[in-house]
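Open the model in your viewer and keep the sequence panel beside it. The tour goes from one selection to the next and says what to look for at each stop.

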Amino acid sequence: MNKLLVVLLGFTLSGCAAPGVAGSLADLSVIDRSTGARLPTYVHRGRLWIAGTPGNKYAVAVENRTGERVMTVVSVDGVNVVTGETAAPAQNGYVLDPGMHYEITGWRKSTREVAAFVFTALPESYAARTGRADNVGVIGMAVYREWNPPRPAIAPQPRPYSHADALSRAPSDNSMAESSRRDAPASAAASAGASAKSEIARSQAAERIGTGHGEREGSQVGYTQFRRADTRPNEMLTLYYDSYANLLARGIIPSPRRHVPVPVPFPGDAGFVPDPRG
């Protein structure tokens with residue numbers, strides 16, 4: 001049983017804008033707090049990217065899509081946003097009530113305050129300033145279902161046909177499919193993480209952006225008890241980010257089409273040839 005942070009202020013979903021990453025249990029997106037806009041995503045080689053504006057504060061928006069409580073362990077630049085540890089799924093996170101939306105606006109400093117997330121130059125990022133710059137440029141969320149105690153066993157009743165009993169004990173395809181779905185996220189996340197490191201390493205550190213440790217702001221949360229239904233996350237969501245200019249230069253954002261004017265043989269009618277200017 002883990003003692004985790006529970007969100008005290010949030011709201012139930014009702015026609016929210018399309019998220020950055022839509023999962024089956026939860027959604028993950030980023031909101032530019034300077035403009036109030038939810039940042040659009042760009043798909044490139046199977047990954048989702050957003051463009052951050054250096055100097056702007058932002059919020060990581062998490063949404064519980066289920067009718068039960070879930071726990072979300074959120075990392076920014078490879079750092080747990082609650083504890084400040086090098087991020088791992090088994091660490092502490094935020095517990096969301098059914099259907100709740102919550103905006104994480106910064107690094108958790110206490111149950112009352114956060115240090116604002118702000119897009120900044122990589123050397124000024126919190127991860128770089130704490131000696132962990134290898135994973136700058138990624139936001140992740142591990143989602144856990146809550147454990148529910150099993151229902152009391154019902155005594156078996158006599159059945160007239162033993163063949164029916166044998167059929168009822170046979171494993172269902174649905175149960176095996178559910179088991180494979182639980183095992184898939186961990187292996188997929190491991191392979192995605194390895195390929196992400198290789199791509200990030202190829203870019204120049206001085207050209208990229210990261211997330212800074214901004215000014216202190218009020219943000220009220222409390223503690224609750226939460227028992228995970230499984231030791232592995234039931235879902236993993238990932239967003240990569242960099243500046244708009246860098247994403248454009250790397251071909252992640254398509255280059256806008258430029259209008260090239262076509263010369264016109266008779267653009268005007270001055271009557272006679274005038275003298276040149278100057």
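**Stop 1: Ser219**

Select Ser219, which is buried, with a relative accessible area of 10% (buried means under 20% relative accessible area, exposed over 50%, partly exposed in between, with a 1.4 Å probe and protein chains only). This is a predicted model, in which local features need pLDDT of at least 70 and side-chain atom pairs count only at pLDDT 80 or more, while totals for chains, interfaces and linings use all residues. Residues are numbered from 1 along each chain as its sequence is written, and side-chain values use heavy atoms, with hydrogens and water left out.

Ser219 sits in the loop between strand E16 (209-218) and strand E17 (221-226). Helices (H or I, at least four residues) and strands (E, at least two) are DSSP runs, numbered from the N terminus. Now show Tyr102: its side chain makes a polar contact with the side chain of Ser219 at 3.3 Å (a pair of N or O atoms within 3.5 Å; within protein, one must be able to donate a hydrogen and the other to accept it, and residues adjacent in sequence count only if both atoms are side-chain atoms). Beyond neighbours within four places in sequence, the residues in contact with Ser219 include Arg108, Thr111 and Glu113 (contact means heavy atoms within 4.5 Å).

**Stop 2: from Glu113 to Arg216**

Arg216 lies in strand E16 and Glu113 in strand E14 (residues 113-121), so the pair ties together parts 103 residues apart in sequence. Arg216 is partly exposed at 49%, and Glu113 is partly exposed at 31%. Next, select Arg33, Lys57, Glu215 and Glu217, which salt bridges with shared partners join into one network.

**Stop 3: Arg65 and Asp27**

The whole structure has eight salt bridges. One of them joins Arg65 to Asp27, with 3.6 Å between the closest N and O atoms. Arg65 is in the loop between strand E8 (57-64) and E9, and Asp27 is in strand E4 (residues 26-32), 38 residues apart. Arg65 is partly exposed at 47% relative accessibility, whereas Asp27 is buried at 6%.

**Stop 4: two loops with positive phi**

Go to Asp77, in the loop between strand E9 (70-76) and strand E10 (79-80). Asp77 is not a glycine, yet has a positive phi of about 55 degrees. Is Asp77 buried or exposed? Asp77 is buried, at 1% relative accessibility.

Finish at Arg45, between strand E6 (42-44) and strand E7 (47-52). Phi of Arg45 is also positive, near 50 degrees, and Arg45 is exposed at 71%.

Definitions and conventions:
A salt bridge is a side-chain nitrogen of Lys or Arg within 4 Å of a carboxyl oxygen of Asp or Glu.
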